[in-house]
Amino acid sequence: MSKLRVLLADDHPLIVAGVRSALEADKDFEIAGEATSGAQVLPLMSHASPDVVLIDLRLPDVDGLACLERIRQKYPKVKVVLFSAVDDRSQIKRALEAGACAYIVKCIDPHDIAAVLRQAVAGSFFCFGGLNTGPESKAATDAGLSERELEILEGVARGLSNRAIAKELWVSDQTVKFHLHNIYRKLDVTNRTEAAKYAYQHRLVGDAAA
């Protein structure tokens with residue numbers, strides 16, 4: 001099976017180095033090229049022949065959304081994943097409506113990047129770190145839960161195992177365990193049953209989880 005060729009477009013050297021290291025450690029991926037500005041992306045596309053482009057939302061010269069639109073016009077079969085420090089719902093929706101198949105917030109654990117890109121290349125929508133599926137509420141804010149923690153708590157409330165939650169969110173089992181530890185601490189509970197009960201009592205999960 002041939003490797004998935006990835007074009008990285010980001011002007012932050014540490015981010016590029018981290019992503020490159022994570023993908024090079026995975027036998028399924030190959031770095032096809034790297035760009036540090038939006039103006040470099042399209043010229044690289046022709047000879048890099050990537051399967052997927054991982055592109056920063058705020059690139060110099062030409063921003064990520066503009067690059068996305070140009071790639072979609074000229075290379076419609078290439079998957080495009082937006083990568084950003086911005087966890088803004090309106091921005092995420094704009095990216096998805098413009099044709100991005102995934103949107104990754106840069107708080108991602110590098111170990112999860114390969115799994116997210118596999119999901120994107122498979123043709124499924126994926127958003128890591130934004131567009132929480134549960135309702136926004138004062139209780140969630142008061143509890144100090146992040147959007148990722150709310151997603152995992154919703155899975156617990158639906159009766160899913162750690163492995164099932166990990167598979168659904170495309171993260172590792174260890175990542176789920178880490179977030180659960182923080183959820184228990186923030187909610188002052190000691191197990192999954194208490195966490196689920198707290199979630200329903202404080203309306204931290206939607207009706208779909210009931």
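Which residues does Asp56 touch, not counting residues up to four places away in sequence? They are Ala9, Asp10, Asp11, His12, Gly64, Leu82, Phe83, Ser84 and Lys106. This is a predicted model.

**Asp56**
- Asp56 is found in strand E3, which spans residues 52-56.
- Asp56 has a relative accessible area of 4%. Buried means under 20%, so Asp56 is buried.
- Among the contacts of Asp56 are Ala9, Asp10, Asp11 and His12.
- Leu82, Phe83 and Ser84 also touch Asp56.
- Gly64 and Lys106 are on the contact list of Asp56 too.

**Asp26**
- Asp26 sits in a loop. That loop lies between helix H1 (13-24) and strand E2 (29-35).
- Is Asp26 buried or exposed? Its relative accessibility is 15%, so Asp26 counts as buried.
- The side chain of Asp26 reaches the backbone nitrogen of Asp28. The distance is 2.9 Å.
- Asp26 is also in contact with Ala114 and Arg118, leaving aside neighbours within four places in sequence.

**Helices H2 and H3**
- Two packed helices are described by the angle between their axes and the distance between the axes.
- H2 covers residues 38-48, and H3 covers residues 64-74.
- The axes of H2 and H3 come within 9 Å. They cross at roughly 20 degrees.
- Angles under 35 degrees count as roughly parallel, so H2 and H3 are roughly parallel to each other.
- The crossing of H2 and H3 is right-handed.
- From H2, the contact is made by Gly38, Val41, Leu42 and Met45. From H3, Cys67, Arg70 and Ile71 take part.
- By class, the contact of H2 with H3 has five nonpolar residues, one polar and one charged.

**Helices H8 and H9**
- H8 runs over residues 162-169, and H9 over residues 173-187.
- How do H8 and H9 lie, and at what angle do their axes cross? The axes come within 8 Å and cross at roughly 110 degrees.
- Angles of 65 to 115 degrees count as roughly perpendicular, so H8 and H9 are roughly perpendicular to each other.
- H8 brings Asn162, Arg163, Ile165 and Ala166 to the contact. H9 brings Asp173, Val176, Lys177 and Leu180.
- By class, the contact of H8 with H9 has four nonpolar, one polar and three charged residues.

Terms used:
Residues numbered from 1 in each chain as written. Predicted model: local features only at pLDDT ≥ 70, side-chain atom pairs only at ≥ 80, totals over all residues. Heavy atoms only, no water. Axes fitted to C-alpha atoms, helices over the stretch in contact; angles between N-to-C directions. Helix = DSSP H or I, 4+ residues; strand = E, 2+ residues; numbered from the N terminus. Parallel < 35°, antiparallel > 145°, perpendicular 65-115°, else oblique. Left-handed = near helix turned anticlockwise from the far one by under 90°. Contact = heavy atoms within 4.5 Å. Nonpolar A, V, L, I, M, F, W, Y, C, P; charged D, E, K, R; others polar. Buried < 20%, exposed > 50% of the residue type's maximum accessible area, 1.4 Å probe, protein only. Polar contact = N/O pair within 3.5 Å; in protein donor to acceptor, adjacent residues only side chain to side chain.
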